[in-house]
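Hello,

My notes follow below it.

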Amino acid sequence: MNIASEVRGPYGGPSIAEILDSHISGGGSPTRTARRVADAIAARGDDGTWISTVACDDLVRAAADLEARPGARALPLYGVPFGVKDSIDVAGVPTTLSCPDYAYTPDTTAPAVQRLLDAGALYVGKTNLDQFATGLNGTRTPYTVPRSVFGNEMISGGSSSGSALAVALGEVPFAVATDTAGSGRVPAALNGIVGYKPSRGLISAVGLVPACKSLDCITVMAGGIDDVDRVMAVMTGRDDADPWSRSPGPDHRGGLTVGLQPMSQLEFFGDDALREAHQAFRERLAHMHFPVPVTIEEISLEPFLAAGELLYAGPWVAERLVVFGDFLADHPDSIHPVVREILEGAIEYTAVDAFAAMQRLAELRAEVSRVWDGIDVVVVPTIGRTFTVEEVLAQPLATNTMLGHYTHFGNLLDLTGVAVPQGLTADGRPHSAMVLGNALHDDAVLQMAANLLDEPRHHPEQQHPELHHPGHRHPEHRHPADSDSDALTPRP
């Protein structure tokens with residue numbers, strides 16, 4: 001059975017390829033796209049997705065300026081709208097980190113965002129987040145608390161809550177997010193979209209207000225892998241101003257060996273419907289036909305999970321005080337109560353604690369490195385359980401820990417990963433699988449993710465709009481050529 005045939009998530013917007021087709025063929029234009037996006041955002045009102053947006057007239061004017069620029073039609077993201085998590089700088093726009101008293105207005109745009117602008121993308125606005133990027137649930141904000149597009153008071157996930165919603169609602173085809181402990185993958189899973197966490201350093205983190213600077217990673221949320229590839233072809237690049245910056249690894253060629261852990265090692269925290277959905281996914285995976293040979297091997301997930309326990313139950317939480325310690329001391333009442341509790345708890349860790357944890361992590365990294373000797377990628381659930389907003393507010397720390405069970409270890413172990421929507425549970429909630437790989441093995445991870453979506457994948461050199469327009473179409477999509485230009489209208 002083809003897994004993609006069962007994927008019917010909420011994503012209803014056009015892909016990057018479809019937008020480019022429309023702009024270049026004349027069926028649409030950047031100005032028409034800009035107006036539709038602004039109208040769609042205005043129609044929903046304050047739903048917790050955006051903290052700030054470009055005014056409609058200003059967005060249309062920026063699109064018109066782009067249309068008038070010589071050679072702009074050849075740009076790889078010509079007129080493609082996008083959102084930016086509000087922990088990343090855009091010149092002249094306040095960076096709030098979901099804390100109004102912390103806000104400042106930068107003079108310089110983060111290099112990763114500037115690359116998108118230079119490639120012809122249209123900046124739409126700043127998206128909501130868990131305050132100081134501290135949380136995986138989306139409720140830790142003084143702004144409107146967002147909900148998952150699946151409804152029923154389900155949390156949106158965080159900390160990149162608004163970025164996920166902007167894509168899942170079809171308002172923008174991609175959004176820039178971050179991921180320290182799962183902040184780009186958990187909300188993607190809860191909203192039925194793709195959340196890609198590249199290897200740390202592939203995208204410059206300059207202009208990102210860090211949560212944990214040694215772990216932080218700028219990420220991409222999108223509707224499919226082709227969109228991710230197109231955006232990464234623009235955003236990837238060495239930056240000497242970022243001490244963690246590094247070049248990409250090689251493209252993956254040939255077959256893939258996939259590591260799966262025994263179901264007995266997987267935890268779903270009492271969510272039987274999600275367990276059953278993942279079990280069914282595993283059974284289908286064993287019988288799928290892929291474009292390249294795929295071999296499945298059994299592995300142990302125990303060293304991965306042991307590393308994840310170090311993140312919030314260890315001294316890495318104290319790294320947040322490097323940036324926010326002075327603000328905590330001077331403005332404690334300006335901080336969300338749950339975030340303040342986490343930061344205050346971090347004060348207790350000592351240098352001895354830090355070194356002990358670093359030594360333990362080195363042991364676990366060595367153990368995990370042996371897994372990669374015979375495995376290309378590992379597949380796990382992205383999350384083991386969903387929660388309602390009420391459930392998270394009642395137990396903010398315990399629920400957050402459960403949400404990060406399969407994501408906390410990612411950056412500590414220097415992994416790359418992507419959350420891939422895989423349909424719904426029997427009771428209508430999203431199910432997501434996560435593909436993980438060792439650092440700089442991003443191409444293998446993205447290839448496996450594309451396999452799971454039954455999505456044809458093209459190499460970056462093929463993704464220039466002059467060379468490749470059609471791209472991937474989600475099963476839900478109508479191609480602009482199939483109907484009128486209203487096919488590019490975001491979901492209401």
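Start with Ser87. Leaving aside neighbours within four places in sequence, Ser87 is in contact with Thr95, Leu97, Leu129, Thr178, Gly207, Leu208 and Val209. Keep in mind that this is a predicted model. Ser87 sits in the loop that runs between β2 (81-85) and α4 (111-118). Is Ser87 buried or exposed? Its relative accessible area is 1%. Buried means under 20%, so Ser87 counts as buried.

Next, Ser214. This serine also belongs to a loop, between β5 (194-197) and β6 (218-222). Setting aside residues up to four places away in sequence, Ser214 touches Arg200, Trp244, Trp316 and Glu319. Thr180 is 34 residues from Ser214 in sequence. In space, the C-alpha atoms of Ser214 and Thr180 are 9.2 Å apart.

Now the largest pocket. Its volume is about 420 Å³. The lining has 22 residues, and the closest to the pocket centre are Glu309, Tyr312, Ala313, Thr401 and His408. Which helices supply at least two residues each to that lining? They include α9 (302-312), α11 (337-346) and α14 (396-403). By class, the lining of the largest pocket splits into 10 nonpolar, nine polar and three charged residues.

Then the chain as a whole. The protein chain has 16 helices and 11 strands. Its radius of gyration is 21 Å, close to the 23 Å from the globule rule for 492 residues, so the chain is as compact as a globular protein of that length. Along the principal axes, the C-alpha atoms fill a box of roughly 60 × 55 × 45 Å.

Of the 492 residues in the protein chain, 61% count as buried. Ser87 is one of the buried residues. For contacts, take pairs of residues at least 6 apart in sequence. In the protein chain, 77% of those contacts join residues at least 24 apart.

Over to you.

Best wishes

Definitions and conventions. Residues are numbered from 1 along each chain as its sequence is written. This is a predicted model: local features need pLDDT of at least 70, side-chain atom pairs count only at pLDDT 80 or more; totals for chains, interfaces and linings use all residues. Side-chain values use heavy atoms; hydrogens and water are left out. On a 1 Å grid over the protein atoms alone, a cavity is a set of points where a 1.4 Å probe fits but cannot get out, and a pocket is an open set with protein on both sides within 12 Å along at least five of seven lines; lining residues have an atom within 4 Å of a point. Grid points are joined across faces, edges and corners, and a volume is the space filled by probe spheres set on the points. Helices (H or I, at least four residues) and strands (E, at least two) are DSSP runs, numbered from the N terminus. Ala, Val, Leu, Ile, Met, Phe, Trp, Tyr, Cys and Pro count as nonpolar, Asp, Glu, Lys and Arg as charged, and the others, Gly among them, as polar. The radius of gyration is taken over C-alpha atoms; the globule rule is 2.2 Å times the number of residues to the power 0.38. Buried means under 20% relative accessible area, exposed over 50%, partly exposed in between (1.4 Å probe, protein chains only). Contact means heavy atoms within 4.5 Å.
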